[in-house]
Every structure is written in structure tokens, then in C-alpha cells.
Amino acid sequence: MIWLGGSDTWKICAATAAAVPLWLLCYWLLLLVHSSLFEGRVPPSELRVRSQRWLNIIHAVVATTLGVLGFARMLSLRSVVLQQTLEQNTIMLGEDLNDDFVIEGILCLTTGYFFADMLCSRYALGHVPRLELFHHTLSAVQFIFQMLTHWGLFVPLLLQTNEMSTPPLHLAWLCEHSSHLKGTVWHNLALLSFFVLFVVGRILMAPALLIVVSYQTWKYSPFTCVPQWQQVESFVMMGGYCAVQFIFFRDIVAFIGRLRSGEKKNSSSNNVDAKRKKAKSS
């Protein structure tokens, strides 16, 4: 149950709030490094965007690693309790994990990142993209909701592994904006890796978790004490999260298609120019 004003509420809110300046400090340090490396060669506006891209990469590595370790901790520390709750048909409740500071700390760290990343977007781009605003807000609300209710904590832990597709996405962007790496094998490898990891981590995994949670809750609902409104709210947020992933996928596929067609046009125009030069010289 959510107890507004209870110790859990203040503890989770304080940990989440503390994570925001931590990520902002990381962004500031990245901005300093980029400014010293590319001073005079890259516009300040692009330096801000590059720094945010690297912040996204760092968070993705941290979130994926901690998500896996947190889930492993959940299984190792609570294996006996999980077995008991499974036998009692209450495994989806997850209330046995409500005092685990490490697991809550992992989720608070990522929740704080959502807010920090939106602030970085506001600084780097001058605005927060609508889809990013919707995704980050929905994810933050879902994480906080499930931490406060102590219900199905394995879901946000495993959802953090979705970030495995983030590093190749931003590495592909960096290659795209580098005259030495654009169109190279590394550029194409980053795009291919992103496409595969995005499909596995976000398109397949998120709906699979939604189906598992829905089935388990429906099957064991007579034996649990989870209020129905909490179950419905969790499903709505999970469904919205899945919808955002499909919108991301649609937009990214369209972007890659435009990118590929642009490269083909450039290649064909270069061939035409080469033929014209050859004809003039002859």
C-alpha cells in the first residue's frame, strides 16, 4: 500500500532527488571534457548534444548492469521466500523486498536519471522532445509507483536491461557526425547492433513482461492482497511503456531509411560528378 508521508515514501523520494544532481554533475564533467578536446572545432551547441549522448551511453551501461545484478540479488537473497510465496500463489506481490535498500537504490538511480536527462535536453536542445518527455515521465511514475507499492519489483529491474540498445544508437549518431567514421563498417555495425538489441530488449521483452504480469495477476489474484486499482494502474503504465517502444521503433526505422537513402543519393551524385569530370578531361 502507498502511505503518503510514510518513511518509505520520503526515503524513495529523497534517494531519487539525490540521483538527479549526481547525473547532472556527470553531464557537466562530460561537457568539460568535450570542450577541452574539441574547443574551436565543434560549435558549443553540438558539444552540449555530444555530452548528453555520452551521458545516455554511461547510464545505459550502468542501468543494464545494475538491473541484471539487482535481479540476481533478488533471486539469491529471497530464494527461500520466493519459493514460499510461489507455493502460496503470491509470488507477484513482491512485498518481501520492500526493505531491500540496494534494489530500491538501483531503481532510484535510474528514476533520477529520467529527470536529469530531461533537464539536459532542455539545456542542449532548448526543449524536451515530446516523445522523450512522455517516455521519461511514464517510466519515472511507474518505477516510483512499484517501489512504493512493493509490487512486482522485478519488472522495473528487468526493464532496465532495455537500455542495452542505447549505446549502439548513440555511437551510430556519433559516427554519423564524424567525417572519418560516417559510412564506415563501424557506423553500419552500430546501426545493426542497435536494431537487433532494440527488437530483443524493447519490442519483444517489454510486451512479454506485460503478458507474464497480467497472467500471473489474473491467475493468483484471489490469493493476493494487491488492490485491484494498483493492478489496473500498473497494467496501464506497462501498456503505455510498450506503446512508446513501438513508436520509438517506427521513428527510428524511418530515420535509418532516410539515412540509407541519403547515402545512396550522395553516392549516385558522386558517380555522376566523376563521370562528368572524366568526360571533360577526355
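This briefing covers the aromatic ring pairs and the charge-over-ring contacts of the structure. The model is predicted. It holds five aromatic pairs. Ring pairs join Trp-23, Tyr-113, Phe-114 and Phe-143 into a cluster.

**Pair Trp-23 and Tyr-113**
- A pair of aromatic rings is described by how far apart the centres are and by the angle of the planes.
- The ring centres of Trp-23 and Tyr-113 lie 5.4 Å apart.
- The planes of Trp-23 and Tyr-113 are at 70°, and edge-to-face applies over 60 degrees, so this pair is edge-to-face.
- The pair links distant parts of the chain, with Trp-23 in helix H1 (residues 7-38) and Tyr-113 in helix H4 (residues 101-125).
- Trp-23 and Tyr-113 are 90 residues apart.

**Pair Tyr-113 and Phe-114**
- Tyr-113 also forms an aromatic pair with Phe-114, at 6.1 Å centre to centre.
- The angle between the planes of Tyr-113 and Phe-114 is 55°, and the pair is tilted.

**Burial of the ring residues**
- Trp-23 has a relative accessible area of 6%, which is under 20%, so Trp-23 is buried.
- Tyr-113 is buried because its relative accessibility is 4%, under the 20% limit.
- Phe-114, at 3% relative accessibility, likewise counts as buried.

**Charges over rings**
- The charged end of Arg-48 sits over the ring of Tyr-123, at 5.4 Å from the ring centre.
- The charged end of Arg-50 sits over the ring of Phe-38, at 5.3 Å from the ring centre.

Notes:
Residues are numbered from 1 along each chain as its sequence is written. This is a predicted model: local features need pLDDT of at least 70, side-chain atom pairs count only at pLDDT 80 or more; totals for chains, interfaces and linings use all residues. Side-chain values use heavy atoms; hydrogens and water are left out. Rings of Phe, Tyr and Trp (its six-membered ring) pair if their centres lie within 6.5 Å; planes under 30 degrees apart count as stacked, over 60 as edge-to-face and the rest as tilted. Helices (H or I, at least four residues) and strands (E, at least two) are DSSP runs, numbered from the N terminus. Buried means under 20% relative accessible area, exposed over 50%, partly exposed in between (1.4 Å probe, protein chains only). A charge sits over a ring if NZ of Lys or CZ of Arg is within 6 Å of the ring centre and within 35 degrees of the ring normal.
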